[in-house]
Structure formats: C-alpha cells, structure tokens
Amino acid sequence: MSNIRKIGICTGGGDCPGLNAVIRAAVKCANLRYGWQVIGIRDGFDGLIWPERAMALDAAAISGILPRGGTILGTTNRGDPFRYRIDENGQERTLDYTSRVIDNARAMGMDALIVIGGDGTQKLGLGLCQLGLPVVGVPKTIDNDLSATEITFGFDTALNTATDAIDKIHTTAESHHRVMLVEVMGRDAGWIALEAGIAGGAHVILIPEIPFTIDNICAFVKRRHDAGKRFTIVSVAEGVRLPDDLRATFEEDRRRSPRLGGVANVIADAISRKSHRETRVTILGHIQRGGSPTPFDRILSTRFGVAAVELIANGGFGKMVCLRAGKVQAVDISEAVGAMKCVDPNGEMVRTAKAIGTCFGD
C-alpha cells in the first residue's frame, strides 16, 4: 500500500446502470481512506492509447453521479489494445498497442488500474496485468452471465425495466386479444427474459438454454384461448435458438448484420401463420442499458468500488471483486472469465415458472 500514489479507472464494453456508482465509490475510498490520486481513463482502453483523453477524478468530478446511468468516462466495446483496428487508406489494419498502453500508464504515474467491464473487458485487463500493468477487475454486465459472481451490477436495473415493459404490454394485449412478444437483452444467457417473465407474469418465456417449437407455443396459445384467455404475453431472450425451420433465413440476415436483436419478429411471424392470431413485437433494446440504477445496483456498485480499492491496497492484482453468498469477495480474473453462467433448464427458477403454468415452448 505504501507504494501506491495514483490509480486509474476505466470502463469498457457496453454501458450499464451503476458504472458511475462504482467510479464514485472507488474515488471516494481512494481519496479519503488512502490519500491516492485517481485518473479517469476515457473510452475504455483507448484513453491509455491516447492519454491526452485522461481526466482527473476528484470530489468535483464525481459530485452528483451516483444516480446517473451510463459512465462519465465513456466506453467502447471495440477498443482491444492487443488487436486494435484502424482504417488506413480505406484498408483495415490490426495493430498491437499493448506496449504503448503500458508505457503511457507508467508515464502518467499510474500505480494500478481498476478495470470495470464484462467478460471481454476483464480478459483484456488480465492480459495487460500479465504484461506488467497492475490490474484489478470489477464485473459489469446487465446480462448477469459471469460465472464468478452471483450477480453483476446493472442486472437489477435492466430487470426492472424489462418487467415494467411487460406490465405495460398486458393491458394493450388484453384489449386487442393479441399475442404480444417482448424481446429483451441477455446475449446467450436467458436471465433477463426468465426473471422479467416471472416478475411480469408472461405466459411464455423463451430463453437460449431451452429449445422450443412454434407448434408447442401455438398449442399453448390455443389452450389459453379455449379457457377464455384471449391474449398471450411472450418474454423472448435476444439470443434464443430458433427451430431449424426458422433458423436459415434469420442466420443469413445475422451474417449481413452481425448484431443481436430482432429474433422476436421471426417468432411472431411464425406464430401468426401457424395460429392465425394477431401478433405484435416490442424490442426493448438499449432502453435496458439506460436510466438511473436501482437502489440495489447503487449499493452493489458502491460495495464493488470500495472492494476494488481495497484489493489494490492489499496487492491483490490480477483479481476481480465478486459477490458470493451475499458477501463481496475476490477471485482470480483468470477464473472469472471464459465460463458463461447460463440458466439451468432444470433449475429451481425454471421449475418454479413451470409450476405456475408458464410455457417454455419445449
């Protein structure tokens, strides 16, 4: 601890509610408990490639940011210093900027770096740590798919947003007697779709971890209609695996535009053709990333920010803070990355949903 004078903080990957709360907690703890200076690295690791982007993080810089969404430092999911892509005379080139990053960090007097991000960002932080830059990690993703921690900050806020949307869809679906699909984020994990579906009372939940068929969904919709229920709400994860007969066309579209989103449109069209019922789709998209973090996320972010500073003080480099059994702990970043935490198809959460009559299309 006696060797630390100045630390840096960077935020990488997609933005997420609670990022500013982590920054605020880390700065306050570093300043008040240890007397360290803090540098804010702008736009992920780009701010270490071009250090003129850095900003001082003092009491004035973090004032009022606790309830703000996003990140005051900016972020990017394309700034990989190991394989940085640049455009040169209309041709894309890939450069290794890692030595530049290390040299700039040293030139700035940075003794350690807090890296706040998801799986990809943590891998980059680990790589820089192995090259000699002291790094500690803070897990961030609304997807809640990092295996080393019980929950990531940002998930609770995204879950609240998705649940609120499903709540609002209910009245219009019932009024018009429609099948209404709400597509949520989560990439290849179904946590948001599952938990928002349960919390919002969705009748069908489609997640990547459980294969489904359109026939099974339509049969379920018919059973509801026969029982006098003339509308159906479907919670759809953006990374859901389509049945074989629907996959080819959608995957061709995905190759042309390799971004998640829009799978609910394919499912809705198939349900409409098969069941002859009117369908509508709402894709929440980046709405789930925005807005003020929930109290839960603000508290978890604050705990993580303080824990990251304590890791630096104790020389815990190459580690990431995490939540286990309700307590903030630390784990090697190498253990934290690479293993995705997915929904257990036979787990308690799915069994609970099925016990109350929820259909998963399987």
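This briefing walks through some helices, strands and single residues of the structure above.

The model is predicted, so local features need pLDDT of at least 70 and side-chain atom pairs count only at pLDDT 80 or more, while totals for chains, interfaces and linings use all residues. Residues are numbered from 1 along each chain as its sequence is written, and side-chain values use heavy atoms, with hydrogens and water left out. Helices (H or I, at least four residues) and strands (E, at least two) are DSSP runs, numbered from the N terminus.

**Helix α1**

- Helix α1 covers residues 19-34, and its end C-alpha atoms are 22 Å apart, which agrees with the span for 16 residues at 1.5 Å a residue. The expected span of a helix is 1.5 Å times one less than its number of residues.
- Several α1 residues are buried, including Leu-19, Val-22, Ile-23, Val-27 and Cys-29. Here buried means under 20% relative accessible area, exposed means over 50%, and partly exposed lies in between (1.4 Å probe, protein chains only).
- The buried residues of α1 pack against β1, β2 (37-41), α3 (59-62), β6, β7 and α11. Contact means heavy atoms within 4.5 Å.
- Just after α1 you can find Gly-35, with a positive phi of about 70 degrees.

**Helix α11**

- Helix α11 has 19 residues (295-313) and reaches 27 Å from its first C-alpha to its last, close to the 27 Å expected.
- Among the buried residues of α11 are Leu-300, Phe-304, Val-309 and Ile-312.
- Glu-310 sits in helix α11 and is buried, with a relative accessible area of 18%.
- Apart from neighbours within four places in sequence, Glu-310 is in contact with Cys-29, Arg-33 and Tyr-34.

- Strand β6 (residues 112-117) is mostly covered, with six of its six residues buried.
- In a regular strand the side chains alternate between the two faces of the sheet.
- On one side of β6, Ala-112, Ile-114 and Ile-116 are buried, and on the other Leu-113, Val-115 and Gly-117 are buried.
- Strand β1 (residues 6-11) runs parallel to β6, joined by five bridges, and Ile-7 stands opposite Ala-112. Two strands pair if DSSP finds at least two bridges between them.
- Strand β7 (residues 135-139) also pairs with β6 in the parallel sense, over five bridges; here Leu-113 is opposite Val-135.

**A four-strand sheet**

- An open sheet with parallel pairing is formed by four strands in the order β9-β10-β8-β11.
- β9 (204-206) and β11 (279-283) are at the edges with a single partner strand each, so one side of each has no neighbour in the sheet.
- From one strand to the next, the twist averages 20 degrees. Axes are lines fitted to C-alpha atoms, for helices over the stretch in contact, and angles run from 0 to 180 degrees between N-to-C directions.
- Three bridges join β9 to the parallel strand β10 (residues 232-237), where Val-204 stands opposite Val-234.

**Two single residues**

- Arg-224, in helix α8 (residues 214-226), is buried yet has no salt bridge, and the nearest side chain of opposite charge, Glu-174, is 7.8 Å away. A salt bridge is a side-chain nitrogen of Lys or Arg within 4 Å of a carboxyl oxygen of Asp or Glu. Lys and Arg count as positive and Asp and Glu as negative, while His and the chain ends are not counted.
- Asn-346 lies in the loop between α12 (333-336) and α13 (348-355) and is exposed, with a relative accessible area of 62%.
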